[in-house]
Amino acid sequence: GRIGRCGRRWTPADPQSNMARPTKKIKAGNGSETAPERVRITFPVRVGAVDVGSNAMRFLLAEFSSPAAYSVLETERLPVRLGHDVFLTGRLTQTAMDAALAALATFRDKLARWEVPHHRAVTTSAVRESKNGDEFLERVQRETGLRLEIITGSEEARLVYLAVRNRVDLGIHDWIVADLGGGSVEVSRVN
C-alpha cells in the first residue's frame, strides 16, 4: 500500500490473518527508510478504499469493530470512463483526468468528513498502460492530496481473490476466479 495522508501504510485485510495492520515508515540515522514499524490498531477503526478503474471509480468506507467484523458505512460508484481513450490513443485525455480528479476530491472529502485514519487508493490498467499516467498521478497528489497507487494485474487478481474468499465459502474445491475489468482481465485458479 501507499502511505496515506495520515502517514500510515494500509494493506487490505486478509481473512486468514484476520486484519492487516497499518505500518509507519521510520527513518534510519542516515536518512534512508528502514523496515516498517508496526502500529497498534484499536477498535473500532474506520478504513477507506478507492478503486480508480478504467470504466468506473469506486469508494468504500467501512468500520471494523474487531479484526473479523465490519460494517459498510458508505459506498459510491462513478462511471468516469478514465480508460476509454487510453485503449485507442495510449493517453489519458484531459477531460477524463478532470472528471477523475473531481471524483477523487469528493472521495477525499468523504474520508475527511468520516475522519478515516487509514485508506488505500489504487488504480489499474488505464493508468498503468497510459503514456501520461505519471502526469495523472502527480495531479492527483497535488490537487487532492491522495496518493494513488498503480497496481499490477497480479495485485488486482490477489485483491479479487481476497474479496471473493471473504464472501464465498470456497471449501476444498478448485475454483476459477475471473475479474473482467474495463481494460484488463485477471483469471486465477484457486485451490
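**Figure 1. Burial across the chain.** Of the chain's 191 residues, 40% count as buried. The model shown is predicted.

Figure 2. The chain holds 5 helices and 9 strands. Read from the N terminus, their order is β-β-β-β-β-α-α-β-α-α-β-α-β-β. Now take the contacts between residues at least 6 apart in sequence: 55% of them join residues at least 24 apart.

**Figure 3. Phenylalanine 59 and phenylalanine 107, a stacked pair.** The structure has 2 aromatic pairs. In this one, the ring centres of phenylalanine 59 and phenylalanine 107 lie 5.2 Å apart. Their planes meet at 25°, so the pair counts as stacked; the cut-off for stacking is under 30 degrees. The pair links distant parts of the chain. Phenylalanine 59 sits in strand S4 (residues 57-66), phenylalanine 107 in helix H2 (residues 94-113), and 48 residues separate them. Phenylalanine 59 has a relative accessible area of 2%, so it is buried. Phenylalanine 107 is buried too, at 0% relative accessibility.

**Figure 4. Phenylalanine 64 and tyrosine 70, a tilted pair.** Here the ring centres of phenylalanine 64 and tyrosine 70 are 5.2 Å apart. The planes stand at 40°, so this pair is tilted. Stacked pairs need under 30 degrees and edge-to-face pairs over 60. Phenylalanine 64 is buried because its relative accessible area is 8%, and the cut-off is under 20%. Tyrosine 70 is partly exposed, with a relative accessible area of 35%.

Terms used. Residues are numbered from 1 along each chain as its sequence is written. This is a predicted model: local features need pLDDT of at least 70, side-chain atom pairs count only at pLDDT 80 or more; totals for chains, interfaces and linings use all residues. Side-chain values use heavy atoms; hydrogens and water are left out. Helices (H or I, at least four residues) and strands (E, at least two) are DSSP runs, numbered from the N terminus. Buried means under 20% relative accessible area, exposed over 50%, partly exposed in between (1.4 Å probe, protein chains only). Contact means heavy atoms within 4.5 Å. Rings of Phe, Tyr and Trp (its six-membered ring) pair if their centres lie within 6.5 Å; planes under 30 degrees apart count as stacked, over 60 as edge-to-face and the rest as tilted.
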